[in-house]
Amino acid sequence: MAALEEEFTLSSVVLSAGPEGLLGVEQSDKTDHFLVTDSGRTVILYKVSDQKPLGSWSVKQGQVITCPAVCNFQTREYIVVHDNKVLRIWNNEDVNLDKVFKATLSAEVYRILSVQGTEPLVLFKEGAVRGLEALLADPQQKIETVISDEEVIKWTKFFIVFRHPVLIFITEKHGNYFAYVQMFNSRILTKYTLLLGQDENSVIESFTASVDRKFISLMSLSSDGCIYETLIPIRPTDPEKNQTLVRSQLLKAVVSGNTRNGVALTALDQDHIAVLGSPQAASKECLSVWNIKFQTLQTSKELPQGTSGQLWYYGENLFMLHGKSLTVIPYKCEVSSLAGALGKLKHGQDPGTHVMPRFVNWETPQGCGLGFQNSEQSRRILRRRKIEVSLQPEVPPSKQLLSTIMEDSEKHIEVEVRKFLALKQTPDFHTVIGDTVTGLLERCKAEPSFYPRNCLVQLIQTHVLSYSLCPDLMEIALIKKDVQLLQLCLQQFPDIPESVTCACLKIFLSIGDDSLQETDVSMESVFDYSNSVHDEKMEEQTEILQNGFNPEEDKCSNCDQELNKKPQDETKESTSCPVVPKRAALLNAILHSAYSETFLLPHLKDIPAQHITLFLKYLYFLYLKCSENATMTLPGIHPPTLNQIMDWICLLLDANFTVVVMMPEAKRLLINLYKLVKSQISVYSELNKIEVSFRELQKLNQEKNNRGLYSIEVLELF
């Protein structure tokens, strides 16, 4: 059972707390030592067991501490940042912060994070993270920007998981919240979009988190007074993709929505959280402890002098600013049980009372036994009936959803699906999603007019489906020619057969431009084709090779002499995209799909020749765009790679060369592709020559190192 013990004042000195309270309270190198940083110029080291300060350090007049001081547990030194960029390091023996180690950084610091067992980390306001040692080696090193413009970091936490550091920080931009998880053992940074669910207008006022072997449990206290939970996987399935997470309600109405001084939330253990704020039924601020396992209030303590809306928890102590004094409230918790959560049982008997039998006959008539037994019995019967009514089995949300999809309208089904996805995921979540999709598809086959497109899109975006689980999904989408759903399936499903991939390709190439304009497809893989400034610069430098390939180069032996005098509109063919942007986005989904060449080639032969030519023209255009920069990559989010472009060019030509070569309109395209291949062979030939030269240099360098002598040698490569 959780309990709050008697509070005590750690500091009787009035701390310099600004409008938002203290900057922070952090653990020091000893169990009962804590660093307190006020919002002005001072850092104080306290010993909680003695309730007295052990040391105090201040920056100069005119300087302001902007980041809470922390302890470097490896060196037992203290670190603080003032004026956003100036880092100071000192120990207990130092007296004046102006004379300790100083490093001026190139970017503004948001927070320094330090835990036992690893070196401190420095989180910059732009989202970049550096280890302290690497940062001190070059304080003026360039700090990259990770988060977008107008995106602001709101909260951060540092964990050790499987002996590896894990950092999470939350950002906010225009009312939208994002979570970034940095894994330092693999250098992976994953971004998640946090969906607020039904109450999209609520503002998140406080965060806390706990971690287990698989998930980070991110809990948030919103302006509606409710606490929500979001489970973030420690090992993401697709780290490079911006994934979406839905939060579920954990506790309802724990604080009032109009708290004057703000609210705070912190995790105490796996089953308990502490909440600082005004309850719904009271105006005074309280510190409350909730059991999230049984969703019950365990204990609370009134704070009549008010707080700053800040709460810290270390070991078994809760720290807060009560009035203008730093107050500590010890917290104890025994093993939780249902009986303890609902209320303590009386184990003793008051003197003068009759001992009740252990088992009571509930059917005993009122005239038998003592009067107080009869009244007590009647109350127990009433209580039992109430319990029996309350314990009536409720229909699980999953079964409600499955019954809904068989008979209700598309609009109502869409609402129910959205509600179900907003709930906390249960162990049978994957099974329920699969059964829901199967039920929807069976109804689609039975009722041709029924096609819950929005529901299917929501279910696919849960990332738990695959082609093998619901093969009818893409079959129905192909019949309906639903290119948006097909694109989403190509992006999400890893096991699509080659025959289905080719069927999607046929639809993507044959659908009219007018029909495409009415569809809503994902455009993240398509970059801006109207790069007129860049095109003008390229026209001024037509004689410069682009990564070994010049589309205007004409060294092919008499194969295109009649094409030298080409019309002006044909010269622009290679610099303008042959398809509209939405068709390009669909074709990019095909390029990203997995396939086996053996099984794909027979199906490519069934695609009409004019569509093959159009696809080849688009691939050739992408290659030219790749050739415009030294990295041989395309701009945009998840664009096709050069290898994917070349592989698909080879596949299309292998499957349809005898047909395409007979088409007059494809003649210029084939000649351009021939030049492309010829230039690539030339480039790789030169690279092979350079590789041989580098190998000889490496051998000579090894021989020189083995001799241990100094020498000057002149090497003639060509």
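**Helix 8 and its surroundings**

Helix 8 and helix 9 pack at an angle of about 150°, with 8 Å between their axes. Axes are lines fitted to C-alpha atoms, for helices over the stretch in contact, and angles run from 0 to 180 degrees between N-to-C directions. The two helices are therefore roughly antiparallel to each other (angles over 145 degrees). This is a predicted model, where local features need pLDDT of at least 70, side-chain atom pairs count only at pLDDT 80 or more, and totals for chains, interfaces and linings use all residues. Residues are numbered from 1 along each chain as its sequence is written, and side-chain values use heavy atoms, leaving out hydrogens and water.

Helices here are DSSP runs of H or I with at least four residues, and strands are E runs of at least two, both numbered from the N terminus. Look at the helix 8 side of the pair. Leu 473, Met 474, Ala 477 and Leu 478 meet Leu 485, Leu 486 and Cys 489 in helix 9. Contact means heavy atoms within 4.5 Å.

Helix 8 spans residues 471–480, and its buried residues are Leu 473, Met 474, Ile 476, Ala 477 and Leu 478. Buried means under 20% relative accessible area, with a 1.4 Å probe and protein chains only. Their cover includes helix 6 (429–446), helix 7 (453–460), helix 9 (483–492) and helix 10 (498–510). After helix 8 comes Lys 481, with a positive phi near 55°.

Now turn to strand 19. This strand, residues 215–222, holds Ser 217. Ser 217 counts as buried because its relative accessibility is 11%. Beyond its neighbours within four places in sequence, Ser 217 is in contact with residues including Thr 208, Ala 209 and Glu 229.

Conventions:
Buried means under 20% relative accessible area, exposed over 50%, partly exposed in between (1.4 Å probe, protein chains only). Angles under 35 degrees count as roughly parallel, over 145 as roughly antiparallel, 65 to 115 as roughly perpendicular and the rest as oblique.
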